[in-house]
Amino acid sequence: TILRGLLGKPPAAHPDEARLFKPHQQSRWRKVEPLVKSFLGNTLHLLGQLTDPDMSRFLLARLNAAVPFFCTFERLTRKTLKAVLALFGSGEPALRVQSILLIRNMAAVLPPPTLERAAKGVYRQFAGNAKFINQSSVEHVQFMSTCVGEIYGLDQNQAYPLAFTYIRQLASLLRGALTNKSKEAFRSVYCWQYVNCLECWVRVLQSHAAEEGAALRPLVYPVAQVALGAARLLPSARYAPLRLRLIRVLNQLSASTGHFVPVAPLLLELLAFSELNKTPMATKTRPPDFSLVLRVAKAELRSPQVQEVIVEGALQLLAEHLNQWAYSPGFPELAHVPSRDLRRFCKSTQVTRFRKAARAVVDAAERNADWVSRKRDNVDFAPKDAERIRSFLSADRAGKKAPLEKLAAALKEREKQRIAALQATDVTLTGGRGRGSDGTSDSEDGDDDDA
């Protein structure tokens, strides 16, 4: 306000007015410029000396209000952005919030290459904080992932080459693991940093690639391919938590963008693993929280609780996937192979409740296939009529009348209740604390066999 007054301007009546203010275009700028530079430089110096979080938040808020005055000070802009990015990556929660608000404002208001530097810095800070996961760090990592999506959504045309570069890095790591087939190469993919970065780009595309003309939309296919490749890199039941996690985000990506992602083969392969067809062995050990691990120990695979989480999770995701395409004219053909393989699973499994759950999915899929078949018998358009195919059963879709809808919703609600109950138990027993996990289990047995 004081700086605006020195330039002969009244206080801004609206935040947008303050954000769009161009101080260097004012007639008094030449006289006020040295004072502005001194204020910004001294504030930045003080910010670097402070240890009190409340005072740091106050200074960040004042710098946020003064962002338009950085326009002509490229060196100060670079130094300020570097300092604020460091606070974003290592500060306390409230300080991180104030930091990202300042970073976003600088990226949106200041001239290039500020947005590029902000986008690079925010993603690198996220990647650095995504190496380990425990109960207390999950929300922090999710918050930083949301911040990455916010920054990359400011200007999709500028964000596209950066996003493409980082996604290509993930693809290169996956290709190295497929080529070298060494333990180190596998661990570069099957770790929390890789999985969190991949999930981060899925969230970015969910938020900003839903529209047909979105600049980031061409990245949907490579991200889906990288996630599918990572999920099937090591076909072992020990990595069921990682596979289920990646399939869950792929379902979300498919739902938000309308792209078909073939996750059914991954789920059916998981159900076909021999470890899940063995008779469970009673144990007093609590099952691991699948949101905090990427693999389980071999001994845990015989636990009835772990088998239940894997099987019910796979069936829930399969029902969700089928339900996404329950109104497509091609649903009967899409559901044929999953129905066939689920029948085989019903014959092979020795657990009655797994058999009942699988039969419920088969019955719902078959009823949905018969329903779609009857509906499409009455249409008068060909498969090449894309517009009419998209509008096929649109009224039924709006009313959620597909036979699969009820089962998919029930399984999803049951999954939410199970996760909530497990997390509540974790908080009660551990107080929400715990050492960080890089995604590997406490037991290292069988690594060479899996690789």
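Q: What makes up the lining of the second largest cavity?
A: In this predicted model, the lining consists of Ile133, Val138, Val141, Gln142, Asn196, Glu199, Arg203 and Arg245. Lining residues are those with an atom within 4 Å of a cavity point. Helix H8 (138-152) and helix H11 (192-208) each contribute at least two residues to this lining.

Q: How many residues of each class does the lining of the second largest cavity have?
A: The lining has 3 nonpolar, 2 polar and 3 charged residues. The volume of this second largest cavity is about 60 Å³, and the model has 3 cavities of 30 Å³ or more.

Q: Why is the pair of tyrosine 166 and tryptophan 201 called stacked?
A: The model has 10 aromatic pairs. In the pair of tyrosine 166 and tryptophan 201, the ring centres are 6.2 Å apart and the planes stand at 20°. Rings pair if their centres lie within 6.5 Å, and planes under 30 degrees apart count as stacked; therefore this pair is stacked.

Q: Why does this pair tie together parts that are 35 residues apart in sequence?
A: Tyrosine 166 belongs to helix H9 (residues 156-180) and tryptophan 201 to helix H11, so the pair joins parts that are 35 residues apart in sequence. Both tyrosine 166 and tryptophan 201 are buried.

Q: What makes the pair of tyrosine 327 and tryptophan 371 edge-to-face?
A: The rings lie 5.9 Å centre to centre, with 80° between the planes. Planes over 60 degrees apart count as edge-to-face, and the pair is accordingly edge-to-face. Tyrosine 327 and tryptophan 371 are both buried.

Technical notes
Residues are numbered from 1 along each chain as its sequence is written. This is a predicted model: local features need pLDDT of at least 70, side-chain atom pairs count only at pLDDT 80 or more; totals for chains, interfaces and linings use all residues. Side-chain values use heavy atoms; hydrogens and water are left out. On a 1 Å grid over the protein atoms alone, a cavity is a set of points where a 1.4 Å probe fits but cannot get out, and a pocket is an open set with protein on both sides within 12 Å along at least five of seven lines; lining residues have an atom within 4 Å of a point. Grid points are joined across faces, edges and corners, and a volume is the space filled by probe spheres set on the points. Helices (H or I, at least four residues) and strands (E, at least two) are DSSP runs, numbered from the N terminus. Ala, Val, Leu, Ile, Met, Phe, Trp, Tyr, Cys and Pro count as nonpolar, Asp, Glu, Lys and Arg as charged, and the others, Gly among them, as polar. Rings of Phe, Tyr and Trp (its six-membered ring) pair if their centres lie within 6.5 Å; planes under 30 degrees apart count as stacked, over 60 as edge-to-face and the rest as tilted. Buried means under 20% relative accessible area, exposed over 50%, partly exposed in between (1.4 Å probe, protein chains only).
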